[in-house]
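Me: I have a model open and would like to talk it through with you. Could you look at it with me?

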Amino acid sequence: MAKSTTLSNSSSSVKPASTGWRASWRNYYEMTKPRVVMLLLLTALVGMCLATPGWVPLSTLIAGLGGIGLLASAAAVINHVVDHKIDSQMARTFNRPVAKGKVSVNNALLFSFVLAAVGYVALELWVNRLTALLTLASLVGYAVVYTMFLKRATPQNIVIGGLAGAAPPLLGWTAVTGQVDAYALLLVLIVFTWTPPHFWALAIHREKDYAKAKVPMLPVTHGVEFTKTCVLLYTVLLCLVCLLPYLIGEAQLLYLVGSSALNAGFMYYALKLKYAADQHTAMATFKFSIIHLMVLFVVLLADHYIPLTL
Ligand code: HEM
Ligand SMILES: CC(C)=CCC/C(C)=C/CC/C(C)=C/COP(=O)(O)OP(=O)(O)O
């Protein structure tokens with residue numbers, strides 16, 4: 001890994017490069033958005049497990065999660081490159097490695113290419129072509145369609161772009177079965193419906209940041225009140241969509257109870273955000289959204305292996 005680099009072909013502020021390989025390694029690691037990728041991988045793992053009544057073959061588990069994780073990480077690195085000017089203007093992101101000039105555009109692109117190539121080859125060799133192509137399409141959906149175009153073009157950016165982030169349960173499913181099935185698409189629909197309240201809660205908290213960087217996020221273009229209404233309506237929709245696995249007989253009692261409790265929590269935050277917010281409510285809603293999705297998929301998994309019925 002290149003030890004220290006500066007941003008040579010960017011108009012953003014150029015700062016001294018990090019010293020030592022440890023600092024450098026941390027910058028590369030940060031660009032992969034590790035915590036986001038971990039949650040994506042949890043949803044992929046659950047997609048794999050739900051695809052079969054038995055155990056997932058170890059080679060599919062390792063190569064599948066490894067390949068999906070590497071391609072998602074590559075997408076995140078490309079996002080850091082494409083967005084480095086926007087990132088340098090926002091308080092939340094100004095310190096990011098490319099925005100700060102701690103990693104050069106060329107080195108970040110090389111890093112993302114290596115991650116993507118290794119990930120794609122792993123999926124092709126040890127999983128299957130369908131999963132490799134769908135994962136590559138997700139990378140393009142996030143790094144190109146969302147980041148390069150939608151993010152700058154429309155406040156519906158994250159609704160449409162959310163499809164790429166919602167894909168991992170399907171990717172996990174196809175890694176095991178080699179085909180697209182309706183239940184896998186329902187799992188995608190859950191993450192897809194979860195994404196707007198997840199992101200818009202944060203966008204409300206960071207509205208001034210986005211306005212300053214001229215990114216047309218919903219609170220900037222349509223105001224905070226309208227965005228709160230959208231968070232509430234999407235949360236209602238999410239509650240309904242989350243009922244479907246039980247209603248179609250794919251999930252049992254443990255899931256019904258667990259998901260209902262989680263959805264009650266999300267509704268509490270969405271209602272508070274709309275009707276009784278203080279300065280912390282938007283951020284609290286955003287943080288709860290992450291716990292909601294994480295626990296929801298753990299509950300789906302538990303329900304799969306412990307199918308309780310009345
Ligand atoms: C277009 C879709 C999405 C958008 C626009 C979005 C946006 C964001 C933003 C702006 C953050 C804050 C990052 C930061 O603090 O620097 C964030 C955090 C996070 N997002 Fe999302 N997100 C999306 C989809 C997803 C998906 C699909 C997942 C996982 C399944 C996810 C999981 C997370 C997690 C775990 C965090 C916390 C990261 C941390 O604390 O470092 N997001 N998201
Ligand atoms: C292959 C595959 C599964 C790809 C999915 C890629 C991926 C990492 C999706 C997560 C979506 C996400 C973190 C969006 C935030 O982008 P943003 O640019 O709006 O947020 P930022 O300002 O924090 O960068």
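Me: How many helices and strands does the protein have?

Reply: The protein has 14 helices and 0 strands, where helices (H or I, at least four residues) and strands (E, at least two) are DSSP runs numbered from the N terminus. This is a predicted model, in which local features need pLDDT of at least 70 and side-chain atom pairs count only at pLDDT 80 or more, while totals for chains, interfaces and linings use all residues. Residues are numbered from 1 along each chain as its sequence is written, chains are lettered from A and ligands numbered from 1 in the order in which they are written, and side-chain values use heavy atoms, with hydrogens and water left out.

Me: OK, and what share of the 310 residues is buried?

Reply: Of the 310 residues, 53% count as buried, which is to say under 20% relative accessible area, with exposed meaning over 50% and partly exposed in between (1.4 Å probe, protein chains only).

Me: Switching to the ligand, which residues come nearest to ligand 1?

Reply: Among the 19 residues around ligand 1, the nearest are Arg 35, Arg 92, Gly 165, His 198 and Leu 202, a residue being near if one of its heavy atoms lies within 4 Å.

Me: Which atoms of ligand 1 do the polar side-chain atoms of Arg 35, Arg 92 and His 198 lie by?

Reply: For Arg 35, a polar side-chain atom lies 2.9 Å from an oxygen atom of ligand 1, and for Arg 92 the distance to an oxygen atom is 3.0 Å. His 198 instead has a polar side-chain atom 3.1 Å from a nitrogen atom of the ligand. A polar contact is a pair of N or O atoms within 3.5 Å.

Me: And which elements give two or more residues to that shell?

Reply: They are α2 (34-50), α7 (157-166), α9 (182-205) and α14 (281-305), with the largest share, 6 residues, coming from α9.

Me: Why does ligand 1 lie between the domains?

Reply: Domain 1 (22-180) and domain 2 (181-310) both give residues to the shell, so ligand 1 lies between them; the domain bounds come from an automatic or database domain assignment.

Me: Back to α7, is it mostly covered or mostly uncovered?

Reply: α7 is mostly covered, with 7 of its 10 residues buried, including Asn 157, Ile 158 and Gly 161. The buried residues of α7 pack against α6 (129-153), α8 (168-177), α9 and α12 (224-247), contact meaning heavy atoms within 4.5 Å.

Note on methods:
A polar contact is a pair of N or O atoms within 3.5 Å; within protein, one must be able to donate a hydrogen and the other to accept it, and residues adjacent in sequence count only if both atoms are side-chain atoms.
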